[in-house]
Amino acid sequence: MNTPTITLRALEPEDLDVLYAIENDTEIWDVGHTNVPYSRYALHDYIAHASADIYADRQVRLAIENEEGVVVGLIDVMNFEPRHQRAEVGIIVKKPYRHVGYAHAAVGQILQLAQNHWHLHQLYAIVDTRNTDALNLFADLGFTSENTLQSWLYDGKNYRNAYLMQKIL
């Protein structure tokens with residue numbers, strides 16, 4: 001698969017509809033931290049006040065834009081620990097744009113930013129053991145998993161195991 005050309009950029013007010021749709025998509029709540037709907041007001045406030053500076057906010061959320069300027073997803077670097085120089089990475093690509101390489105390109109660019117600009121020592125991802133797409137994505141980019149987190153994710157009915165995948169930079 002050819003890796004598509006993408007741009008990672010800070011969120012803009014024009015991204016409110018995309019952010020609203022993703023944050024309120026109950027199908028993906030079990031892979032993230034969301035468990036209630038977000039209002040447009042709360043998301044607008046988030047966009048307005050996020051500095052896109054990992055050192056100031058301890059997180060950064062970036063829009064993933066394709067070559068046509070369409071926002072195809074979001075990538076988050078969160079739970080930043082400056083003392084230990086590590087952070088968690090999470091990504092969501094909108095359904096119509098999955099399986100084309102956008103996630104691969106976005107995580108690849110985040111790895112470069114993490115190493116060359118944020119000077120992190122490692123990135124990690126917590127991935128449901130059944131999410132083969134995400135497992136393959138992170139493994140392809142050099143993340144390894146030596147730890148299973150038992151009953152880590154709860155979907156409202158069942159607990160599921162997750163892998164702690166990490167990459168030393």
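**Exercise 1. Place Asp76 in the fold and describe its surroundings.**

Step 1. Find the element. Asp76 sits in strand 3, residues 71–81. Helices (H or I, at least four residues) and strands (E, at least two) are DSSP runs, numbered from the N terminus. The model is a predicted one: local features need pLDDT of at least 70, side-chain atom pairs count only at pLDDT 80 or more, and totals for chains, interfaces and linings use all residues. Residues are numbered from 1 along each chain as its sequence is written, and side-chain values use heavy atoms, with hydrogens and water left out.

Step 2. Check the burial. Asp76 has a relative accessible area of 15%. Buried means under 20% relative accessible area, exposed over 50%, partly exposed in between (1.4 Å probe, protein chains only). Asp76 is therefore buried.

Step 3. List the contacts (heavy atoms within 4.5 Å). Leaving aside neighbours within four places in sequence, Asp76 is in contact with Val60, Arg61, Glu88, Val89 and Gly90.

Step 4. Look for a polar contact. The side chains of Asp76 and Arg61 make one, at 2.6 Å. The term covers a pair of N or O atoms within 3.5 Å; within protein, one must be able to donate a hydrogen and the other to accept it, and residues adjacent in sequence count only if both atoms are side-chain atoms.

**Exercise 2. Follow Arg61 to its salt bridge partner.**

Step 1. Recall the rule. A salt bridge is a side-chain nitrogen of Lys or Arg within 4 Å of a carboxyl oxygen of Asp or Glu. Side chains of opposite charge can pair when their charged atoms come close.

Step 2. Name the partner. Arg61 meets Glu23 in a salt bridge, 2.5 Å from N to O.

Step 3. Locate both ends. Arg61 is in strand 2 and Glu23 in helix 1, so the pair links distant parts of the chain, 38 residues apart.

Step 4. Check both for burial. Arg61 is buried at 17% relative accessible area. Glu23 is buried too, at 10%.

**Exercise 3. Which salt bridge does Asp128 form, and what does the pair tie together?**

Step 1. Asp128 pairs with Arg160, at 2.4 Å from N to O.

Step 2. Asp128 lies in strand 5 and Arg160 in strand 7 (residues 159–168), so the pair ties together parts 32 residues apart in sequence.

Step 3. Both residues are buried.

Step 4. The whole structure holds 6 salt bridges.

**Exercise 4. Describe the largest nonpolar core.**

Step 1. Define the set. A nonpolar core is a set of buried Ala, Val, Leu, Ile, Met, Phe, Trp, Tyr and Cys residues joined through side-chain atoms within 4.5 Å.

Step 2. The core has 33 residues; Ile75, Ile110, Leu123, Phe138 and Phe143 touch the most other members.

Step 3. Find the main supplier. Helix 4 gives the most to this core, with 8 residues.

**Exercise 5. Classify the aromatic pair Phe138 and Phe143.**

Step 1. Recall the rule. Rings of Phe, Tyr and Trp (its six-membered ring) pair if their centres lie within 6.5 Å; planes under 30 degrees apart count as stacked, over 60 as edge-to-face and the rest as tilted.

Step 2. Start with a practice pair from the 4 in the structure. Tyr97 and Tyr102 have ring centres 6.3 Å apart and planes at 70°, so they are edge-to-face.

Step 3. Now apply the rule. Phe138 and Phe143 lie 4.9 Å centre to centre, with 70° between the planes, and are edge-to-face. Both are buried.
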